[in-house]
Protein chains: 2
Amino acid sequence: MAYQLQPLGALGDPTRRAIFERLAAGPRSVGELARHLPVSRPAVSQHLRVLKRVGLVKDRRVGTRRVYQLDPGGVERLRSYFDRFWNRALVAFKSAAEQAEKESQS
Amino acid sequence: MAYQLQPLGALGDPTRRAIFERLAAGPRSVGELARHLPVSRPAVSQHLRVLKRVGLVKDRRVGTRRVYQLDPGGVERLRSYFDRFWNRALVAFKSAAEQAEKESQS
DNA sequence: CCGATATGTAAGCCTATACTTACCGTAAGC
DNA sequence: GCTTACGGTAAGTATAGGCTTACATATCGG
């Protein structure tokens with residue numbers, strides 16, 4: 001919980017989210033990704049570097065191209081992160097409701 | 001999926017994440033939150049406005065104070081979002097592994 | 001009412017960073 | 001080997017947005 005959880009920092013940018021979501025459909029090369037985005041190819045490269053650094057994507061060489069794909073491990077970390085938060089939110093929500101109940105009675 | 005999913009944009013900022021995580025421990029007033037953060041109280045107010053706009057927190061008046069808490073609905077949306085991504089990542093990962101397998105055989 | 005407490009809002013500054021252009025390295029095909 | 005595609009890197013710019021100070025608003029206690 002004390003983790004900086006940089007993946008969320010990375011997904012804060014809408015272009016990176018677009019890349020992330022496109023990769024959810026399957027592995028893509030850099031050029032393929034850039035072709036469907038309103039930014040230049042170098043920009044996509046830079047975004048991919050960030051996504052890779054925080055463990056959200058992996059890459060491998062295929063000939064002269066470089067194919068990126070989601071890293072299940074990184075996604076799993078985010079999944080469990082929000083799992084915990086959801087549980088805590090429910091608890092907090094419940095006790096808040098009880099609190100309001102008590103106050104309205106008094 | 002085509003949703004902009006602004007909550008992730010909101011959680012991109014480390015200070016907002018800190019607020020978000022602190023609220024996971026239970027409802028807090030603005031001043032309480034600011035007291036444990038390295039930024040001014042107005043800054044916290046502004047962050048809370050953003051978090052509220054994207055549906056991650058709710059607030060209610062308590063006397064002269066304003067108490068914020070996590071919005072279970074907003075957290076749930078993020079939870080299911082990454083659930084879907086995790087599943088897709090696994091599928092993509094699996095087929096990529098099979099692809100690599102096939103290539104190594106040929 | 002009046003002061004104190006708690007918070008939202010406005011205006012302005014300043015830094016982080018997303019983007020572009022230009023360049024370089026590398027693998028593949030003829 | 002030369003050329004052509006593909007992609008990472010560098011340098012420089014420009015804008016978004018996070019922060020502060022100053023001000024406005026509102027509730028409560030006496």
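Let's start inside chain A, where H2(A) and H4(A) are roughly perpendicular to each other (a label for angles of 65 to 115 degrees, while angles under 35 degrees count as roughly parallel, over 145 as roughly antiparallel and the rest as oblique). Their axes cross at roughly 75 degrees and come within 10 Å, H4(A) being the helix of residues 41-53. Axes here are lines fitted to C-alpha atoms, for helices over the stretch in contact, and angles run from 0 to 180 degrees between N-to-C directions. On the H2(A) side the contact is made by A:Thr15, A:Arg16, A:Ile19 and A:Phe20, and on the H4(A) side by A:Val44, A:His47, A:Leu48, A:Val50 and A:Leu51. Two residues are in contact if their C-beta atoms, placed from the backbone, lie within 7 Å.

Chain B has its own pair: H2(B), residues 14-23, and H4(B), residues 41-53, pack at about 75 degrees with their axes 10 Å apart. That makes H2(B) roughly perpendicular to H4(B). Here B:Thr15, B:Arg16, B:Ile19 and B:Phe20 meet a group in H4(B) that includes B:Val44 and B:His47.

## About the model

This is a predicted model, in which local features need pLDDT of at least 70 and side-chain atom pairs count only at pLDDT 80 or more, while totals for chains, interfaces and linings use all residues. Residues are numbered from 1 along each chain as its sequence is written, and chains are lettered from A and ligands numbered from 1 in the order in which they are written.

## The layout of chain A

Chain A has 5 helices and 3 strands, and from the N terminus on they run α-α-β-α-α-β-β-α. Helices (H or I, at least four residues) and strands (E, at least two) are DSSP runs, numbered from the N terminus. Among contacts in chain A between residues at least 6 apart in sequence, 47% join residues at least 24 apart.

In chain A, 3 strands form an open sheet in the order E1-E3-E2, with antiparallel pairing. Strand E1 (28-29) and strand E2 (57-62) are its edges, each pairing on one side only. Helix H2 of chain A packs on this sheet, touching E1, E2 and E3, and its direction makes about 85 degrees with that of E3(A). E1(A) and E3(A), residues 65-70, are joined over 2 bridges, and A:Ser29 stands opposite A:Val67. Two strands pair if DSSP finds at least two bridges between them.

Chain B also has an open antiparallel sheet of 3 strands, in the order E1-E3-E2. E1 and E2 of chain B stand at the edges with a single partner strand each, so one side of each is left without a neighbour in the sheet. H2(B) packs on the sheet, at about 85 degrees to the direction of E3(B). E1(B) and E3(B) pair over 2 bridges, with B:Arg28 opposite B:Tyr68. E2(B) and E3(B) pair over 6 bridges; there, B:Asp59 stands opposite B:Tyr68, and B:Arg60 has B:Val67 as its bridge partner. The hairpin of E2(B) and E3(B) has 2 residues between the strands, and B:Gly63 takes a positive phi near 65 degrees.

## How the two chains meet

What rotation superposes chain A on chain B? A rotation of 180 degrees does so, with 0.0 Å of shift along its axis and an RMSD of 0.0 Å. That is the relation of a two-fold axis. In chain A, the C-alpha nearest the axis belongs to A:Gly12, 2.0 Å from it. Copies are superposed by least squares on the C-alpha atoms of residues with pLDDT of at least 70 in both.

The contact takes 31 residues from chain A and 31 residues from chain B. In chain A, the elements giving two or more residues to it are helix H1 (6-10), H2, E3 and helix H5 (72-105). H5(A) gives the most, with 15 residues. The copies meet through the same surface, because 100% of the interface residues of chain A are also interface residues in chain B.

## The core

Which residues touch the most other members of the largest nonpolar core? They are A:Val75 and B:Val75, in a core of 42 residues. A nonpolar core is a set of buried Ala, Val, Leu, Ile, Met, Phe, Trp, Tyr and Cys residues joined through C-beta atoms within 7 Å. Not counting residues up to four places away in sequence, A:Val75 touches A:Leu56 and A:Leu70, and from chain B it touches B:Phe82, B:Phe85, B:Trp86 and B:Ala89.

Conventions
Buried ≥ 20, exposed ≤ 12 C-beta atoms within 10 Å, placed from the backbone.
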